[in-house]
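Here's a quick walk through one model, with the cut-offs spelled out as we go. Have the viewer ready.

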Amino acid sequence: MMDNRFATALVIACVLSLISTIYMAASIGTDFWYEYHTLSPAENVSEAGRSIWEEFVSKDADEKTYTDALFRCNGTVGLWRRCITVPKNSHWYSPPETDMTTNCISFSLSDQFVEKYVEPGNHNSGTDLNRTYLWRLQFLLPFVSIGLMCFGALIGLCACACRSLYPAIATGVLHFLAGLCTLGLVGCYVAGIELLHRKLPLPEDVRGEFGWSFCLACVSAPLQFMAAALFIWAARTNRKEFTLLKAYRVA
């Protein structure tokens, strides 16, 4: 038997879990974790011709090359892709355009695990271990978080099939661990951006800010913690009341 209080808590926990999963999936799949706003991106591109975005889309583009392009061309960065905004026609013989288009390049799997250097773009400056491992963690942690929530959902389905709240404790623990992973992801990303900007300071006419994809991840973490708390509370309290009721009946 399940009290209405516990059933309500489980429903709310499931809704919070679903929302946090959607938020995490959306944040991973979008490219607006960090945004750069340039005062005059079209003029910047016209001055340098097509070379800026040709270097940006090149497979050989290093961290400094594509970061400079992000600075100058209203760039956005996600966990999987980087994008810049350029005129559709940037030939030297063409007049300046206001019709802009966004070009995006995906980070390959090898890019996610590549070493970061003390001086970005200088392969002889040595490996920057802090930025290297922060970059790798911000790639791995969101998938660990979603995996834990999905595994917790499977345990929750088993709990429904067994008509028992006891497995909900495991679901709550998994959601708590998922929340820690999401919180770690947010911390790693912020630290990585701050360390990068110490190496490559923003130009005076460029403003950088965290985007809505980053905000979705920030919102997802507390939702996971709240879902975990509700799962654990419902399971433990229901178990305690069942034990007391059973002891009362025996007496």
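What follows covers the ground rules, the sheet, the helices and the aromatic contacts.

## Ground rules

This is a predicted model, where local features need pLDDT of at least 70, side-chain atom pairs count only at pLDDT 80 or more, and totals for chains, interfaces and linings use all residues. Residues are numbered from 1 along each chain as its sequence is written, and side-chain values use heavy atoms, with hydrogens and water left out.

## The sheet

Five strands make an open antiparallel sheet, ordered β4-β3-β2-β1-β5. At the edges, pairing on one side only, sit β4 (100-106) and β5 (206-210). Strands here are DSSP runs (E, at least two residues), as are helices (H or I, at least four), numbered from the N terminus; two strands pair if DSSP finds at least two bridges between them.

Strand β1 (residues 34-38) pairs with β5 in the antiparallel sense over 5 bridges. Tyrosine 36 faces glycine 208 of β5 there.

## Helices and annotated spans

Helix α7 (residues 168-199) lies across β1, β2 and β5, at about 35° to β1. Axes are lines fitted to C-alpha atoms, for helices over the stretch in contact, and angles run from 0 to 180 degrees between N-to-C directions.

An unreviewed UniProt entry puts "transmembrane region" at residues 139-161, 173-192 and 212-235; positions follow the numbering used here, feature names are shortened, and annotations may be inferred rather than shown by experiment. Residues 173-192 are 100% helix, with end C-alpha atoms 28 Å apart. Residues 212-235 are also 100% helix, and their end C-alpha atoms lie 35 Å apart.

## Aromatic contacts

There are 16 aromatic pairs, counting Phe, Tyr and Trp (six-membered) rings with centres within 6.5 Å; planes under 30 degrees apart are stacked, over 60 edge-to-face, the rest tilted. Tyrosine 36 and phenylalanine 71 have ring centres 5.1 Å apart and planes at 70°, so they're edge-to-face. Tyrosine 36 is in β1 and phenylalanine 71 in α4, so the pair ties together parts 35 residues apart in sequence. Tyrosine 36 is buried at 3% relative accessible area, and phenylalanine 71 is buried at 4%. Buried means under 20%, exposed over 50%, partly exposed in between (1.4 Å probe, protein chains only).

Tyrosine 189 and phenylalanine 214 form a tilted pair, 6.2 Å centre to centre with 40° between planes. That pair links helix α7 to helix α8 (residues 212-250), and both residues are buried.

Notes: Contact means heavy atoms within 4.5 Å.
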